[in-house]
Structures are given as C-alpha cells and as structure tokens.
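This report concerns the packing of helices in a predicted model. Please consult the structure shown here alongside the text.

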Amino acid sequence: MSQDNAMSSSGAPAPAPSAAPRRGGTVALATLLALVALGGAGYVGWRQYVQETGVRGATQTAAGLETRVANMERALEAMENERGLLRQRLGDADQVNRSLREELLGQSERTRNLEDAVAKLSDKTLSGHDGMLLDETETLLRMGKERYALFHDAQGAAAAYALADQTLAAVNDGAFSGLRQSVGAEREALARSQPAGQAAALDALTGLRAASAAWPLKPLDHAEDAAAADTAWARVRRSLGDVIRVQRTNTAPLAVADARFARELVGLDLAQAQAALLAYDAEGYADALKRADANLAAQFDVNAAPVQQARAKLAELQHQLPVVAPVQLGAALSELRNLRAVHALRPAAETKAEAKPEAGARP
C-alpha cells in the first residue's frame with residue numbers, strides 16, 4: 001500500500017485494476033486453506049488426543065478389571081480352601097456324631113437295663129407294700145361282714161368298710177381300683193339299712209323306764225268285792241283269818257312286793273327293747289314291746305291316765321317299728337380274693353412265657 005501510494009504520488013502510471021483483486025483472492029484462498037489445514041490438523045490432533053485418552057482410559061479400566069479378576073481369583077481360592085476346610089470339618093463332625101450316636105445307643109441300652117432292674121425292684125417293694133395293705137383290707141371287710149352277721153351292727157360294719165376303703169386307696173396297683181366301687185356300694189347299703197328314728201325310739205323307751213316308778217298298780221291287798229263277799233270261799237277265808245296269817249319274811253306288805261316285781265318286769269322288758277333296737281333286732285324289739293304292754297295291762301291300773309299314756313306310747317312305737325332290710329355283704333370280699341388269686345398266678349405265667357423263648361433259642 002505504501003508502494004502504491006508512492007507510485008501514485010510520483011506520477012507513475014497506475015497498474016491495471018484487475019491485478020489487485022486476483023492477488024487479494026489468492027491471499028484469501030491461501031488464508032482459507034491455511035485455516036482449513038489448521039482446523040484439520042487441530043481436528044486430527046483432537047482425535048488423536050481423544051483416542052489416546054480413550055486408550056489410556058481403556059488401559060486403566062483393563063488394569064482395574066485385571067486387578068478385580070485377580071482379587072476374585074484370590075477370593076475364590078480362599079473360598080475353595082474354606083470349603084475344603086468345611087468339608088474336612090464336616091467329615092470330622094460326621095465321625096464324631098457317629099461315635100456319639102453309638103455311645104448314645106449304648107447309654108440307652110444301659111438305661112433300659114437299669115430301668116428294668118429298678119422296675120423289678122419297685123415291683124418287689126410295691127408287691128410287699130400292696131400285699132400288706134390288701135391283707136388289712138381283707139381283714140376289715142371280713143370283720144365288718146361278721147359283725148353285721150352276728151350282732152346286726154350296721155353302724156360298726158359301715159365303719160369297718162370305711163377303713164377298708166381308705167386302706168384300699170393307698171394300694172398302688174391300679175387293678176384294685178375298681179374294687180373300691182364294690183366296697184362303696186356295700187357301705188351305702190349299710191348306711192341305708194340303719195333306722196332313721198332309732199334315737200327317738202331309744203329316748204322314748206328311756207322316758208318310759210323312768211316313768212314306770214309312778215305308774216299305779218291294780219289293787220292287790222283290798223277287801224273282796226260286794227258281789228263275792230257272800231261266797232263260801234270268802235267265808236272260809238274270814239273264819240281262818242284270825243287263826244292263820246300269811247306274811248313275807250322281809251316284813252314287806254304284799255302290795256309293795258308285787259309293785260316292785262311288776263315295775264322290774266316292765267323295766268326289764270323296756271331295757272330288752274332298747275338292747276334289741278341297738279342290735280338292729282326287729283323281731284326281738286317287737287316281742288319286748290308286746291311283753292311290756294301285756295305286763296302293763298295285767299299288773300297296772302289301765303284306767304289311770306299315766307298307764308294309758310304309756311300304753312299309747314308303746315302302741316306308737318310298735319306302729320313305728322323300724323323295718324331293717326337285710327344287707328347282703330361279701331361281694332367286695334369275694335372280688336378282692338379273686339383279684340389277689342389272679343395276681344398271684346400272674347408272675348408264674350410270666351416266668352413260663354420267658355422260659356419258652358430261651359428254650360427255643362437253644363439248639
């Protein structure tokens with residue numbers, strides 16, 4: 001530009017105007033090509049940088065993967081070693097368990113033998129204990145039965161059966177548990193057979209015995225009736241009355257002696273009625289009441305109010321006579337004896353059963 005200005009200022013002819021645009025286009029083209037080349041070089045460099053960076057990253061990733069794979073291989077090797085150790089330990093545990101199982105089997109066999117021995121010892125001990133209790137039970141049942149058969153004492157027999165039931169409850173053998181029902185049934189029958197009004201009847205008889213001292217007797221030592229005064233026998237008695245006199249050695253008047261004798265007879269009859277009632281003798285009780293009533297009618301003044309009240313009371317007692325139904329005892333005693341006989345045969349049968357396999361095992 002300075003040259004062009006110089007040339008134009010010096011007056012030299014100006015170049016052709018078409019040459020400047022060509023030179024400027026060339027420069028622009030060259031500049032464009034340079035930029036393109038620079039851009040291509042930059043792109044190529046960037047691509048190379050990217051590739052190198054990718055290769056470096058891939059290398060690092062591959063190195064990390066190799067490291068992880070190596071670590072995994074080491075972990076797998078450790079796991080294999082541990083699995084081998086576990087297999088070895090499991091094998092040792094199986095052997096230990098097998099030996100322990102054998103020991104347990106041996107211990108269980110020994111325990112079973114010990115249990116059998118203890119059971120046999122306990123059976124022997126219990127058999128002696130139960131035998132003593134069963135003997136006592138049999139004695140009590142037999143005692144209650146005989147007491148009821150001899151004395152009709154239902155209360156005493158029921159007490160003996162109650163003691164037998166308590167003794168039987170202490171027996172450990174369950175085969176005798178059903179026997180308690182039979183004992184209870186006979187005990188209830190004895191309780192029902194006892195008369196309900198026994199205490200009232202005894203009190204009434206006691207009151208009659210106490211009141212017998214005040215009952216008036218029939219007149220014994222009195223003058224003959226007016227209707228019999230003129231009989232021949234009466235005249236003979238009057239004529240001999242001054243010559244022969246009859247009197248008792250104890251100087252007691254005849255009326256007083258007869259009164260004592262009559263009251264003692266009635267008292268004895270009433271006492272016999274009380275004894276028969278206590279002995280549950282219904283027939284004896286009824287006979288004693290009848291004899292007492294007959295003595296009252298024969299020896300005492302039946303027109304007197306106390307005698308009439310006493311006879312009415314005796315009639316009431318006869319009508320209220322306690323009916324005692326006889327109780328059949330002995331079923332529980334027979335059942336006890338049968339059970340004891342069966343248990344006495346059982347050990348012999350078991351011994352024979354054990355002896356048969358042993359005999360069959362020998363050649």
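Helix α8 (residues 282–299) packs against α9 at an angle of about 160 degrees, and their axes lie 10 Å apart. This angle makes α8 roughly antiparallel to α9 (a term for angles over 145 degrees). Tyr285, Leu289, Lys290, Ala292, Asp293, Leu296 and Ala297 of α8 form the contact with Val307, Ala310, Arg311, Leu314, Leu317 and Gln318 of α9, where contact means heavy atoms within 4.5 Å.

Helix α9 (residues 305–319) also packs with helix α5 (residues 198–211). Their angle of about 155 degrees makes α5 roughly antiparallel to α9. In this pair, Ala201, Ala204, Leu205 and Leu208 of α5 meet Ala310, Lys313, Leu314 and Leu317 of α9.

| Helix pair | Angle | Axis distance |
|---|---|---|
| α8 and α9 | about 160 degrees | 10 Å |
| α5 and α9 | about 155 degrees | 11 Å |

Helix α4 (residues 179–193) has 15 residues and reaches 22 Å from its first C-alpha to its last. Its buried residues (under 20% relative accessible area, 1.4 Å probe, protein chains only) are Leu179, Val183, Glu186, Ala189, Leu190 and Ser193. They lie on the same side of α4, because they cover an arc of only 120 degrees around the axis. The face turned away from that buried side carries Gln181, Glu188 and Arg192, which are exposed (over 50%).

Residues are numbered from 1 along each chain as its sequence is written, and side-chain values use heavy atoms, leaving out hydrogens and water. Local features need pLDDT of at least 70 and side-chain atom pairs count only at pLDDT 80 or more, whereas totals for chains, interfaces and linings use all residues.

Terms used:
Helices (H or I, at least four residues) and strands (E, at least two) are DSSP runs, numbered from the N terminus. The expected span of a helix is 1.5 Å times one less than its number of residues. The arc is that of the directions from the helix axis to the C-beta atoms. Axes are lines fitted to C-alpha atoms, for helices over the stretch in contact, and angles run from 0 to 180 degrees between N-to-C directions. Angles under 35 degrees count as roughly parallel, over 145 as roughly antiparallel, 65 to 115 as roughly perpendicular and the rest as oblique.
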